[in-house]
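Trainee: Before we discuss this structure, I would like to see it, and then to go through its geometry with you step by step.

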There are 2 protein chains.
Amino acid sequence: MLMIEGGVCAAKGFLAGGIHCGIRKNKAKRDLALIISEKRAAAAGVYTQNLVKGAPIYVTMEHLQDGYAQAMICNSGNANTCNVDGIDIAKGMCALVEQHFHIPAADVIVASTGVIGQPLSLEPIASGMPALAKSLGIDGAAMAAEAIMTTDTMKKEIAFSFEIGGTICHIGGMAKGSGMIHPNMATMLVFVTTDVAITPQMLQKALKEDVVDTFNMVSVDGDTSTNDMVSILANGFAGNVLIDGEGEAFDGFKAALNAVTSHLCKAIAKDGEGATKLITCSVAGAANKETARKTAKSVVCSNLLKAAMFGADANWGRVLCAIGYSGAAVDVTKVDVTFASPAGHLPVCIQGAGIPFSEEKAKEILSMEEVEVQISLHAGESSATAWGCDLTYDYVKINGDYRT
Amino acid sequence: MLMIEGGVCAAKGFLAGGIHCGIRKNKAKRDLALIISEKRAAAAGVYTQNLVKGAPIYVTMEHLQDGYAQAMICNSGNANTCNVDGIDIAKGMCALVEQHFHIPAADVIVASTGVIGQPLSLEPIASGMPALAKSLGIDGAAMAAEAIMTTDTMKKEIAFSFEIGGTICHIGGMAKGSGMIHPNMATMLVFVTTDVAITPQMLQKALKEDVVDTFNMVSVDGDTSTNDMVSILANGFAGNVLIDGEGEAFDGFKAALNAVTSHLCKAIAKDGEGATKLITCSVAGAANKETARKTAKSVVCSNLLKAAMFGADANWGRVLCAIGYSGAAVDVTKVDVTFASPAGHLPVCIQGAGIPFSEEKAKEILSMEEVEVQISLHAGESSATAWGCDLTYDYVKINGDYRT
């Protein structure tokens, strides 16, 4: 597998673009993104489990029922959620794609991200269509990745080339997500494109299995968004033998998909609202996978640990505390905890009890931009990883007055 | 029912005291509290559900198994949790009470609160015993309430007098709790004393039923502590007919208990680490009690809503979002939301969709020290209330380097 340039345009047969159409007041900020496949593609999606769902989620669910799609349109600056005319507006966005790009509205994936509960007008989107068409190209991935950003401070995109049965394939993705991040069986906004030939059923299976260990293991602030969605288009342009069941080719595709999604997970956590560092929690020696996941996620979700990490304070008691209330059946008298980073690694707790350690060394390790909390449960063979970030003054600042 | 002075000494036959014994470096801060009943009392407790439990929790559980106790000792500055010798130290604290106050160690409720995972020495506690004895008196409640404080900025105590079958009874309580507050079937540290005559069984029943709607409905930061405990002593000095079953007297006692616990809940939430305001979420019209509770608690737990409240930003979409991921079965298209405070009340969402409102009025309402989020689910008759606070720069500051 090889990391390559090109984001969502790295796979053959995909075009992307992004413009400022006027949903956001800041004219320097793109707010409308489009991705198009040159032909109809197998498509799959996973969605937020929040009972309050953005209108675009319902429309996309309907459009993906047949397992195929050809375009993805997404605006930032307004979530089109909790609005009485939300469904009409989301359908209107798809209709605009049909009108301007000759792709059936029913083959359009639609998404919106931004403030909840403010009416979204179709007008700027409609008037932006000619400019959007002009921006569309095989070099447009970065513009699209920018256009879906809200409080994100950096655009998030990645691509890989990989081989399936001797055929070179490509996969790329982009994501937005910085706050209201605590996915549950779905996630923030992620758009993945690939030229692999795969059936819609196997594509959905691959995506569903992947998110359990990727996007569902990320938390910035414990708030599950109303508009979370991961969607993927696979247009088959790579020319590999169609993947229509399990086996080596499917596993190869899943590994490539996981390379994209893991990268985007870390990028989202690291760019969490106000965050100064990425916190990775790795749990090993769990009795089963579910225990490993619950434990890892509980630790990266703890506000107290997040604040301690901001202060580079080796307060490992908060790690134990978060393990204890995770809901996982853990024998806490067997738990070891180590803090690690590029500056070194330092065991701080053995068998559930503290051991003497150098506070100076701990400070050095925890002052790095990427910090790992390593937990050994000594109860089995399962492991899991969760990603989060520190809790900072800026998180409070950003969210104290988000709407203005 | 009448609010009275005296805290945990308001009930007849109780003495309390508090001193600085040296667990904390700051000599101006009391760190050891004692409450004593003049005779053995019916006793009950509820405890944290965190799998990691402080050593004192285990010792107290053992001591309360027979339903009786006579004293409560509690230190602040160290949680005596995740220490290899924790149980010995907790038992040592009870033995010191036996030695100096002639109360059997098995009748002592012991608690510790502070940093997790740092060894607690018995030495300062032992040398503090003479001073503790000297501080003990019927006017010592405030000293005891001070001595259990950690990051609390104000002491929390309350008392009421009430009648049971013509007999005047008294009940008082004190609490500590500011961070790591997200009780689950138990809570922060709360000590309640009453002179009511009641059997241990009915006392435990009253307490257990009460916490579901009081301490279990408070959240400061979503972190369930390892040392949470609510305990109560009832020494019978009031001389009422012994409460040994359900009925009017039991209901009267429960109402008095609830007056104490509700007051302490609000005090804890309002004094949440870094908090500038109390946030009360009242849910009405729920299909059942559980739905009402889940909905209310999810709202006061949302970091995003808490940050918005800090900024006095009427971002009601975050209320809807938190209802949606609460896990409660709610028809979100029926939900009404109103913001209220002493400055007025302002409906902002009707039937799940936003309505126009004055941003100026909203700012005025949300700038008060006590703010209420009123939610109507229009699905039934059940209601619930949860208490929380805003998320502020100071929360991050306090927890960024708690140990130093």
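What follows is a set of questions and answers on a predicted model.

Trainee: What rotation superposes chain B on chain A?
Mentor: Two copies of a chain are related by a rotation about an axis and a shift along it. Here the shift along the axis is 0.0 Å and the superposition leaves an RMSD of 0.0 Å. That is the relation of a two-fold axis, and the rotation is 180°.

Trainee: In chain B, which residue has the C-alpha nearest the axis?
Mentor: The axis meant is the two-fold one that relates chain B to chain A. In chain B, the nearest C-alpha lies 2.4 Å from this axis, and the residue it belongs to is Tyr393(B).

Trainee: What percentage of the contact residues of chain B recur in chain A?
Mentor: With contact taken as heavy atoms within 4.5 Å, the contact residues of one copy can be looked up in the other. The same surface serves both copies, and the share of the contact residues of chain B that recur in chain A is 100%.

Trainee: What radius of gyration does chain A have, and what would a compact globule have?
Mentor: Chain A contains 11 helices and 15 strands, and its C-alpha trace spans about 70 × 50 × 35 Å along the principal axes. For 404 residues, a compact globule would have a radius of gyration near 22 Å, and chain A agrees with this, its own value being 21 Å.

Trainee: How is helix 7 of chain A oriented to helix 9 of chain A, parallel, perpendicular, antiparallel or oblique?
Mentor: The axes of helix 7 (residues 289-301) and helix 9 (residues 317-324) of chain A come within 8 Å and cross at roughly 130°. Helix 7 of chain A passes helix 9 of chain A in a right-handed crossing, and the orientation is oblique.

Trainee: Which residues of helix 9 of chain A make the contact with helix 7 of chain A?
Mentor: From helix 7 of chain A, the contact draws on Thr295(A), Ser298(A) and Val299(A). By class, the residues of this contact are four nonpolar, two polar and no charged. On the side of helix 9 of chain A, the residues are Val319(A), Ala322(A) and Ile323(A).

Trainee: At what angle do helix 7 and helix 9 of chain B pack?
Mentor: In chain B, helix 7 passes helix 9 in a right-handed crossing, and the contact includes Thr295(B) of helix 7 and Val319(B) of helix 9. The axes of the two helices are 8 Å apart, and the angle is about 130°.

How values were computed:
Residues are numbered from 1 along each chain as its sequence is written. Chains are lettered from A and ligands numbered from 1 in the order in which they are written. This is a predicted model: local features need pLDDT of at least 70, side-chain atom pairs count only at pLDDT 80 or more; totals for chains, interfaces and linings use all residues. Side-chain values use heavy atoms; hydrogens and water are left out. Copies are superposed by least squares on the C-alpha atoms of residues with pLDDT of at least 70 in both. Axes are lines fitted to C-alpha atoms, for helices over the stretch in contact, and angles run from 0 to 180 degrees between N-to-C directions. Helices (H or I, at least four residues) and strands (E, at least two) are DSSP runs, numbered from the N terminus. A crossing is left-handed if the near helix is turned anticlockwise from the far one by less than a right angle, and right-handed if clockwise. The radius of gyration is taken over C-alpha atoms; the globule rule is 2.2 Å times the number of residues to the power 0.38. Angles under 35 degrees count as roughly parallel, over 145 as roughly antiparallel, 65 to 115 as roughly perpendicular and the rest as oblique. Ala, Val, Leu, Ile, Met, Phe, Trp, Tyr, Cys and Pro count as nonpolar, Asp, Glu, Lys and Arg as charged, and the others, Gly among them, as polar.
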